[in-house]
Amino acid sequence: MIAIGLLATLVVAVGGATYLFAQPGTPGTKAFDTAVRIDATSAEVTAVANTATHGTALATGDGFVWEVSYEDRTLLQIDGRTGAVVGRVVGVQGDAPPVGVAVSPEGVWVSTAFGEESLRRFDPKTHEWQTPIRLASGLEGVAYWKGAVWVADKNDDLVFRVDSSTDTVTATIPVGEGPEGIAVGAGAVWVANAVGGTVSRIDPASATVTATIGLQSPPSAIAASADAVWLVSESANRLIRIDPATNNETEIEFGTRPSSVVVAAQSVWVAEGGAAGISRLDANNLKVLATTSVGGAVDAMTSDGGSIWLANHLPPNPPAVESGVPRGGTLRVAVPIWEPSELASSAAKEDALDPQLGGGSLDSNEILRCCLLRTLTSHVGRNYREGGAALRPDLASALPIQSADGLTWTFHIRRGVFYSPPLERTEITARDFIRSLERDARLAHSTTYSDISGLEAPDRYTLAVHLSHPAADLPDRFALPESGPIPPSPLDADAAYGVATGHDAGYGRFLASSGPYMIEGSPELDYAKPFAQQQALSGFQPGHRLVLVRNPSWRPDLDPLRPAYLGRVEFTMGMSDDEAANLLDGGQADLILHASPPPQVMPWLIQKFAADRRLGQVEVNQRDFQRAIEMNVAMPPFDDIHVRKAVNYILDKRALIDAHGGVRTGEIMSHYNIDSVESGALSGYRPYATPDDRGSLELAMNEMKQSRYDPAHTGVCSAPVCKHVLAVTIPIGTTIFPRLYGGFPRLGALIAGDLGRIGITLDVRSTKAWSDQAGDPAARIPLDLTFGIGVSWMSASSSFSIDFNSDAVAGSLVGATPGELRDWGYGVASVPNIDDRVQECMRSGQRQNQCWIALDVYVMEKVVPMAPYLTENVIDVVPKRVVHYSFDQASDEVALDQIAVA
């Protein structure tokens with residue numbers, strides 16, 4: 001017998017997947033993912049199955065419970081009587097993650113997140129997947145009733161009726177905007193339209209919508225019984241009842257962030273997902289009869305009539321400090337010149353390492369995160385596949401609590417954490433974060449915390465953050481260095497910005513550390529003097545030198561995220577790329593820290609280490625930055641979606657990667673957002689796939705033939721507006737990429753050649769003056785050929801809010817109003833707007849990440865303002881002296897707190 005995860009298993013290969021027959025895990029094993037059974041009458045927990053998968057949807061039928069996992073892409077079978085896991089399908093058929101599950105006599109039906117072959121049926125008798133059913137890309141919920149499977153299509157605002165015995169589509173039904181949840185009962189099919197805030201009632205016989213019921217609150221989940229339809233609104237904290245006889249709705253306030261609802265034993269069961277609370281209510285008077293807590297988060301809920309089943313998830317602990325890794329020693333880091341860097345630009349920047357002013361270049365962000373500045377929330381220094389994108393508490397003792405109205409987040413501060421000398425007796429308290437946020441608001445003019453309407457510290461260890469409107473991603477923003485604590489001033493306890501007062505031109509040279517390291521010379525700082533008389537840190541000479549030493553105030557038992565193996569880190573800044581490579585090759589440097597586009601290290605050095613493992617190793621990690629063509633959807637011919645799709649099809653992405661320096665420098669990108677903030681859910685999503693990613697003239701021409709700019713339907717853009725189209729790229733630059741490979745102008749020339757094949761000829765401009773205008777809607781630039789897409793914090797919200805924000809319209813023009821289009825001189829009267837869908841995700845709690853991923857699919861298929869072509873990598877050459885290496889996904893750099901030297 002072979003032990004895998006929490007289960008003992010026998011593995012059988014079937015139908016292109018793996019089916020595991022399983023028994024319960026070893027008693028006493030701590031389970032982070034479970035399926036929990038609760039008696040529908042007594043509300044007592046009667047079984048806990050260790051599933052080893054993060055369940056996201058559940059269904060019951062024929063004595064079994066079926067669970068799908070969005071993240072793990074599995075289908076799990078649980079015996080409803082014994083509560084034992086009896087089977088697991090590893091790798092749900094296809095590349096798309098499963099989003100919904102339902103059971104019929106014919107099998108288990110699974111809807112998937114993308115692709116045309118999106119509805120799949122698993123036969124429990126043969127343990128095989130049947131031929132996929134082609135519906136549409138962007139499915140959500142699925143339900144079964146009386147010989148038909150009903151499936152919600154969120155992208156197209158449709159519901160499909162599928163005959164469960166013949167696998168044929170028998171009806172396609174338009175419903176409200178953004179259908180997600182679907183339920184059957186009271187003689188109808190009921191659809192919760194999450195974006196539109198309505199419920200569609202469908203007559204199953206005629207397959208027509210007989211009523212559209214407006215809700216006061218946007219729905220999150222839906223269930224139906226014989227005499228009522230029930231919904232919860234996570235963002236509004238409401239339980240909603242619809243009377244099928246009248247279609248009237250009644251809403252009551254309920255709990256905090258209710259995420260799931262089911263009906264069983266004359267009762268309504270509601271889960272408060274993040275709070276792990278499950279409540280049983282009387283279906284008639286809505287009084288709470290019982291409450292059960294299961295710990296962790298409840299991600300899904302279903303009922304078999306006599307029992308309630310929950311998918312329960314407890315986030316795993318941060319990786320433990322590894323035994324046997326040597327401690328101490330000095331790491332020597334070379335930081336070559338790169339103009340956008342605040343640390344290593346050719347002219348020293350006075351505001352370098354100032355958390356609020358520095359501009360947040362990747363190299364400085366890593367130094368602050370790893371070493372100098374702890375924040376309320378943060379990340380471990382790992383890549384996203386190892387949990388590096390998962391948000392964790394840092395100076396907060398736990399992740400924050402959100403109020404019922406979504407407008408207040410409460411952080412509880414970890415006690416007993418002190419600043420570095422000379423403030424080693426100053427404990428970090430709630431007021432310290434108010435100073436940093438108020439300083440950021442006054443000096444930085446950033447929009448990161450623009451949702452905050454007020455801050456207060458009810459006591460030393462509690463911070464309350466008040467918002468002007470709900471923002472589900474607020475905890476992610478508190479991982480940024482801008483929010484790091486600033487201690488009070490010994491000179492003036494009432495100074496608004498504490499020890500940073502007076503240092504508006506750059507607090508970095510006077511920084512009080514809260515991390516495992518401090519800048520050399522910190523004990524000599526004298527904050528009791530007037531700021532003009534204070535001497536800057538001796539260990540930091542901007543643009544030249546930075547030395548970090550151990551912070552004696554730091555306690556590893558109070559910092560679960562940073563092992564901090566090194567004793568000292570020395571940064572030498574301002575040399576050329578060639579000089580940096582020679583320093584490492586000659587044994588005078590251990591790492592090269594370079595925040596530039598790849599390659600970050602001279603190719604000859606990469607090749608030398610790749611050819612001889614005795615020297616060390618070459619590490620390649622996906623950088624949270626990609627390149628795409630941004631198309632202005634208000635400028636002809638790109639105001640036609642068929643032209644925009646043709647651009648996606650024609651791109652030779654392989655050639656663009658080769659021109660960027662080869663396979664180590666980047667990976668093919670086929671969708672809008674980066675993989676790390678989507679847990680890799682769309683890594684197999686290729687809506688405009690072509691053979692070997694070389695582009696397809698045939699597919700591009702087929703799309704172009706549908707455009708009004710190809711009136712003869714020849715597959716070529718023949719209208720005058722297709723000729724001499726203005727397009728911009730980033731200028732040539734001085735780093736390795738432009739020096740050796742031609743830089744972004746070279747990519748622009750290749751793209752111009754590709755578009756010329758479908759009749760779009762470009763006038764490419766590659767000067768700084770043109771590049772600086774690329775994001776300005778008033779400049780009316782049709783194409784930005786080297787547009788950069790990234791995230792400001794580890795949530796997809798940060799990219800969507802920048803690129804498609806109607807409050808600050810960017811170069812794609814998505815979200816622009818008719819008045820703005822007119823004022824800017826455009827000839828079109830309207831453009832796509834995704835505000836409602838963005839707001840749905842911003843309101844989401846448990847399903848926030850899944851919501852953003854669905855929006856990514858929607859943008860790529862229904863809006864198409866971009867043509868992504870590559871994700872950049874970070875290349876590190878790691879000599880043998882470095883005996884422990886890790887990559888920090890949150891900073892896109894080597895994780896310095898995880899590095900160890902021999």
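Analyst: A crossing of two helices is called left-handed if the near helix is turned anticlockwise from the far one by less than a right angle. In this predicted model, α14 passes α15 in a left-handed crossing. The axes of α14, which covers residues 835–843, and of α15, which covers residues 848–863, come within 8 Å and cross at roughly 165°. Angles over 145 degrees count as roughly antiparallel, and α14 and α15 are therefore roughly antiparallel to each other. On the α14 side the contact is made by R837, V838, E840, C841 and M842, which meet Q848, C851, W852, L855 and Y858 of α15.

Because its relative accessibility is 18%, V828 counts as buried, and, with neighbours within four places in sequence left aside, V828 is in contact with A634, D639 and L821. The C-alpha atoms of V828 and P818 are 8.2 Å apart in space, while the two residues are 10 apart in sequence.

R843, a residue within the span of α14, is one of the contacts of S235, together with P218, R257 and A404, again leaving aside neighbours within four places in sequence. S235 itself is placed in the loop between β24 (229–233) and β25 (238–243), and S235 counts as buried because its relative accessibility is 14%.

Methods:
Residues numbered from 1 in each chain as written. Predicted model: local features only at pLDDT ≥ 70, side-chain atom pairs only at ≥ 80, totals over all residues. Heavy atoms only, no water. Helix = DSSP H or I, 4+ residues; strand = E, 2+ residues; numbered from the N terminus. Buried < 20%, exposed > 50% of the residue type's maximum accessible area, 1.4 Å probe, protein only. Contact = heavy atoms within 4.5 Å. Axes fitted to C-alpha atoms, helices over the stretch in contact; angles between N-to-C directions. Parallel < 35°, antiparallel > 145°, perpendicular 65-115°, else oblique.
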